[in-house]
Amino acid sequence: MGIELKERLVGYADLACIKDNAAELDIAIGESTLWGKGIGTNSILCMMDYASINLGITIFNAETHEENIRSRKMLEKIGFIEISRIGNEEYLGTENQLIQYRYK
């Protein structure tokens with residue numbers, strides 16, 4: 001689903017790997033000037049609400065890079081719990097640890 005701000009598309013929130021009552025939650029806000037303004041948090045909460053009501057999703061998984069502090073703080077503020085640190089991936093030009101989160 002697209003994330004709109006003042007009638008323009010600024011990002012997306014989506015669900016992947018949907019199985020039974022669980023799904024992986026992804027989000028991206030494209031413009032860095034919009035980061036840290038609560039748009040991502042609000043969008044994730046809307047997507048979680050939609051998925052719970054319409055798809056019966058009760059377990060949400062998410063993944064972010066260790067150095068993506070804003071993303072980590074957002075997930076933890078919502079109530080996601082770190083469950084593992086598996087894998088590495090390039091993030092902002094350097095190899096970075098991936099962190100997996102879960103919300104029940």
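Which exposed residues does the face of helix 2 turned away from its buried side carry? That face carries Arg70, Lys73 and Lys77; exposed denotes over 50% relative accessible area and buried under 20%, with partly exposed in between (1.4 Å probe, protein chains only).

The model is predicted: local features need pLDDT of at least 70, side-chain atom pairs count only at pLDDT 80 or more, and totals for chains, interfaces and linings use all residues. Residues are numbered from 1 along each chain as its sequence is written, and side-chain values use heavy atoms, with hydrogens and water left out.

The chain has two helices and seven strands, in the order β-β-β-α-β-α-β-β-β from the N terminus. Helices (H or I, at least four residues) and strands (E, at least two) are DSSP runs, numbered from the N terminus.

In helix 2 (residues 69–78), the buried residues are Ser71, Arg72, Met74, Leu75 and Ile78. Viewed down the helix axis, these buried residues fall within an arc of 160°, so they line one face of helix 2; the arc is that of the directions from the helix axis to the C-beta atoms. Their cover includes helix 1 and the strands tabulated below, where contact means heavy atoms within 4.5 Å.

| Covering strand | Residues |
|---|---|
| strand 3 | 22–29 |
| strand 4 | 59–65 |
| strand 7 | 94–103 |

Just after helix 2, Gly79 adopts a positive phi of about 120°. Tyr50 lies in helix 1 (residues 39–55) and is partly exposed, with a relative accessible area of 36%.
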